[in-house]
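Hello,

Below is the structure you are taking over. Please look through it first, then read the notes that follow.

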Amino acid sequence: MDAPPLIVKFYRPGRWTDEQILEEHRFTAELAALEIPVVAPLQIQSPRSLYHFEGFRFAVFTRISGYAPEFDDPDKLLVMGRFLGRVHGVGKVHPFRYRRSLAIDWMGEDSREYLLRQGFIPDSLRPAYESLSADLLLKVRQRFAAVTGIRYFRIHGDCHVGNVLWQGEGPNFVDFDDTLSGPAVQDLWMMLSGSRDQQQGQLRELIEGYNEFADFNPAELGLIEALRSLRIMHYSGWLARRWGDPAFPRSFPWFNTERYWAAHILELREQYAAMDEPPLQLML
């Protein structure tokens with residue numbers, strides 16, 4: 001019988017330390033050991049999962065098939081909630097030592113300062129970006145301060161539909177590259193889409209499944225738009241920091257154009273308005 005195909009993942013220099021990468025690997029190995037469907041790195045030379053060759057670092061994974069789920073199916077959301085509850089149950093067992101924690105400073109403030117300092121924002125748009133981003137981050141801080149009982153523990157960190165491969169009756173979670181310590185809602189809000197009423201229905205299914213394996217703090221729903229704002233700001237900063245790599249202009253040709261930054265500022269304006277809307281409610 002033919003062996004399953006493999007994927008070799010190379011780690012970009014300077015992004016993660018070996019200790020951070022190995023913490024990611026150990027977390028996924030813990031999940032896999034409990035038969036939670038994650039794609040963990042192979043230990044070809046047990047117990048090693050991270051390998052070095054001529055200055056390159058890499059890990060090896062079994063390639064799996066599947067498709068990105070469409071979460072207009074309530075049953076799929078219920079299943080996703082159950083598995084995320086299990087993932088978080090493991091995440092609470094012990095903390096990360098080397099992986100970072102979700103924070104306004106590095107996701108929002110540092111990204112903003114880097115874009116301004118390095119001159120990415122066009123002069124014609126700089127005043128609008130500078131003022132709006134500062135005001136938005138102030139609202140984000142106020143929202144975090146207003147939400148009580150936030151608990152940080154090991155989570156996926158980047159749990160959008162592109163990092164879920166659906167097979168048969170359930171998901172496989174892939175790409176724990178951005179795993180960190182954060183609140184439960186960070187792994188839930190990216191599953192929501194559509195109108196407010198649609199998101200309320202999706203949330204109901206997710207949390208119903210989640211609560212079968214873990215207890216969700218409804219107060220964290222007040223963080224959703226703050227977390228969305230931080231993700232938008234961090235993504236632009238992430239691209240900018242890697243813009244000197246020749247692979248990035250080829251892969252993201254739309255980035256760093258005046259049209260991109262005008263659209264980015266509009267998106268921040270929409271987030272500023274969204275922060276004044278009442279948060280979604282948990283209605284099971």
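**What was found**

The protein chain exposes about 14400 Å², and carbon and sulfur atoms supply 53% of that area. Please keep in mind that this is a predicted model.

**The chain as a whole**

The protein chain has 8 helices and 7 strands. Its radius of gyration is 20 Å, close to the 19 Å that the globule rule gives for 284 residues, so the chain is as compact as a globular protein of that length.

Of the 284 residues, 49% count as buried. Take the contacts in the chain with a separation of 6 or more: residues 24 or more positions apart account for 77% of them. As for charge, there are 31 positive and 38 negative charges, and their mean positions are 4 Å apart.

**Strands 5 and 6**

Strand 5 covers residues 164–167 and strand 6 covers residues 170–173. The two run antiparallel and are joined by 4 bridges. Within this pair, Val164 stands opposite Phe173 of strand 6. The hairpin has 2 residues between its strands, and Gly168 takes a positive phi near 60° there.

**His156**

The loop between strand 4 (153–155) and strand 5 holds His156. Is His156 buried or exposed? Its relative accessible area is 1%, and buried means under 20%, so His156 is buried. Not counting residues up to four places away in sequence, His156 touches Asn163, Val174, Asp175, Phe176, Asp178, Thr179, Leu180 and Asp187.

**Phe216**

Phe216 sits in the loop between helix 5 (196–210) and helix 6 (224–241). With a relative accessibility of 8%, Phe216 also falls under the 20% cut-off and therefore counts as buried. Which residues is Phe216 in contact with, leaving aside its neighbours within four places in sequence? They are Ala184, Val185, Leu188, Ile207, Tyr210, Asn211, Leu221 and Leu282. The C-alpha atoms of Phe216 and Val79 are separated by 16 Å, and the two residues are 137 positions apart along the chain.

Regards

Methods
Residues numbered from 1 in each chain as written. Predicted model: local features only at pLDDT ≥ 70, side-chain atom pairs only at ≥ 80, totals over all residues. Heavy atoms only, no water. Rg over C-alpha atoms; globule rule 2.2 N^0.38 Å. Buried < 20%, exposed > 50% of the residue type's maximum accessible area, 1.4 Å probe, protein only. Contact = heavy atoms within 4.5 Å. Areas by Shrake-Rupley, 256 points an atom, 1.4 Å probe, with all protein chains shown as cover. Lys, Arg positive; Asp, Glu negative; His and termini not counted. Charge placed at Lys NZ, Arg CZ, Asp CG, Glu CD. Pairing = 2+ DSSP bridges.
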